[in-house]
Amino acid sequence: MKINGDRLWASLMELAKIGATEKGGVKRLALTDLDKQGRDLVVGWAKDAGMSITIDQIGNVFMRRDGTNNTLPPVMTGSHIDTQPTGGKFDGNYGVLAGLEVVRTLNDLKIKTEAPIEVAFWTNEEGSRFVPVMMGSGVFCGAFSLETAYAAKDVDGKTVGDELERIGYKGPQVPGDHPIGAYFETHIEQGPVLEDADKVIGVVPAVMGLSWYDCVVTGMEAHAGPTPMGLRKDALQVSTRIMQEVVAIANRYPPYGRGTVGMVQVFPNSRNVIPGEVKFSIDLRNVNDELLNTMHEEMLAFIDKTRSESGLKISIERVSYYPPCPFHPECVDAVRSATAKLGYSTMDVVSGAGHDAIYAARLAPAGMIFVPCKDGISHNEIEDAKAEHLEAGCNVLLHAMLERARVV
């Protein structure tokens, strides 16, 4: 049993026209007029496929194909259709339209399932217009309140609550009052591992946990010429020691250790002034709590040591934490079994990026399916994927969902 790969590709290309950019990408920010157009298009396709539509108060949309026993919780798949400002055609969109293609295929083949099948798209997954990221699924699972989400503002001061109302997607259902029997999400990998290994399907056993920190090193500005090296309080030189240690810590805990300093602000940022203050971000990731906590403790110990040796003031604050998310063994096995049945090359890939499946996994058994993307590039207008890989991932999704929903 196979899906229609040409139809899946055509749907992706049609959706990509809404917010299309000159470089071949997509700019369709959450709750904009373009997002409304994208939502309306996908909902229209779902209705054409005979699906009923439910929208909750945070704008999550659930598109349902009934089963023979509608008292059973639905087997759900989905993702998001909002994009980054310089986003691509496949991030999120593929997961939603792959789900729609599963339903279209079941309709074509006149296959009935015992449990209902649902396809969801979640509000503001990207977090590029409003924070927090993964907003719709986060509210759905109770990670934060509806009121917090409604109050979030964009750079123009517009709120999520008002924008949901404006585009007509503030639904009546209370977030979370929607059962899920199991959840699967298909996605481009957004990294280079599958392509590098020449594998078609990534079985995702888990998503890495992450800790984000803000670090501030305070020294003293002074003239770069008259001040001898031994008498300086150079905040940047001390900061670079910490930055190098962030990378070293990650390298001590392979294969999933990650350490990144992605944002640096130097004051006063003048060519001939010794930096007096440096603010920078730290991003640590790993696949389980034990390893991530070990990395956290080693970083704090190094900062204490550096503070003592340098005599400079160093502050460190953890500003965000997402625990590692292992997926349900039965859902992981369903993906693995479907991949083997279809004969695709495969490997396990732990996700380094966050996805709505993380929050869905708090409420129901969940799993993910990855397919390669060109050069591992995502969140970029040149993001690309092969049609045959997208078709393969959707075929795996079809069979994994049918294992849970049961053909009758």
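In the predicted model, Lys 305 is partly exposed, its relative accessible area being 46%. Its salt-bridge partner is Glu 309, with the closest N and O atoms 3.2 Å apart. Glu 309 likewise counts as partly exposed, at 48% relative accessibility. Both residues belong to helix H9 (residues 289-310), where a spacing of 4 residues separates them by about one helical turn.

The structure holds 22 salt bridges in total. Side chains of opposite charge can pair when their charged atoms come close. A salt bridge also joins Asp 348 to Arg 336, for which the closest N and O atoms are 2.7 Å apart. Asp 348 is part of strand E16 and Arg 336 part of helix H10 (residues 329-342), so this pair ties together parts that are 12 residues apart in sequence. Asp 348 is partly exposed at 37% relative accessibility, and Arg 336 is partly exposed with a relative accessible area of 34%.

A further salt bridge is formed between the side chains of Asp 33 and Arg 166, at 2.6 Å from N to O. Because Asp 33 lies in helix H2 (residues 33-48) and Arg 166 in helix H6 (residues 160-167), the contact ties together parts that are 133 residues apart in sequence.

Pockets were examined next. Rolling a probe the size of a water molecule over the atoms shows where empty space is left. The largest pocket has a volume of about 520 Å³. Its lining comprises 22 residues, and those nearest the centre are Val 133, Arg 285, Ala 353, Gly 354 and His 379. By class, this lining consists of 9 nonpolar, 9 polar and 4 charged residues. At least three lining residues of the largest pocket come from each of domain 1 (5-207 + 324-405) and domain 2 (209-322).

The second largest pocket contains about 320 Å³ of space and is lined by 19 residues. Met 208, Arg 258, Val 350, Ser 351 and Gly 352 lie nearest the centre of this pocket. Its lining divides into 9 nonpolar, 5 polar and 5 charged residues. Strands E10 (258-260), E13 (277-286) and E16 (346-348) each supply at least two of the lining residues. For the second largest pocket, domain 1 (5-207 + 324-405) and domain 2 (209-322) each contribute at least three residues to the lining.

Definitions and conventions:
Residues are numbered from 1 along each chain as its sequence is written. This is a predicted model: local features need pLDDT of at least 70, side-chain atom pairs count only at pLDDT 80 or more; totals for chains, interfaces and linings use all residues. Side-chain values use heavy atoms; hydrogens and water are left out. On a 1 Å grid over the protein atoms alone, a cavity is a set of points where a 1.4 Å probe fits but cannot get out, and a pocket is an open set with protein on both sides within 12 Å along at least five of seven lines; lining residues have an atom within 4 Å of a point. Grid points are joined across faces, edges and corners, and a volume is the space filled by probe spheres set on the points. Ala, Val, Leu, Ile, Met, Phe, Trp, Tyr, Cys and Pro count as nonpolar, Asp, Glu, Lys and Arg as charged, and the others, Gly among them, as polar. Domain bounds come from an automatic or database domain assignment. A salt bridge is a side-chain nitrogen of Lys or Arg within 4 Å of a carboxyl oxygen of Asp or Glu. Buried means under 20% relative accessible area, exposed over 50%, partly exposed in between (1.4 Å probe, protein chains only).
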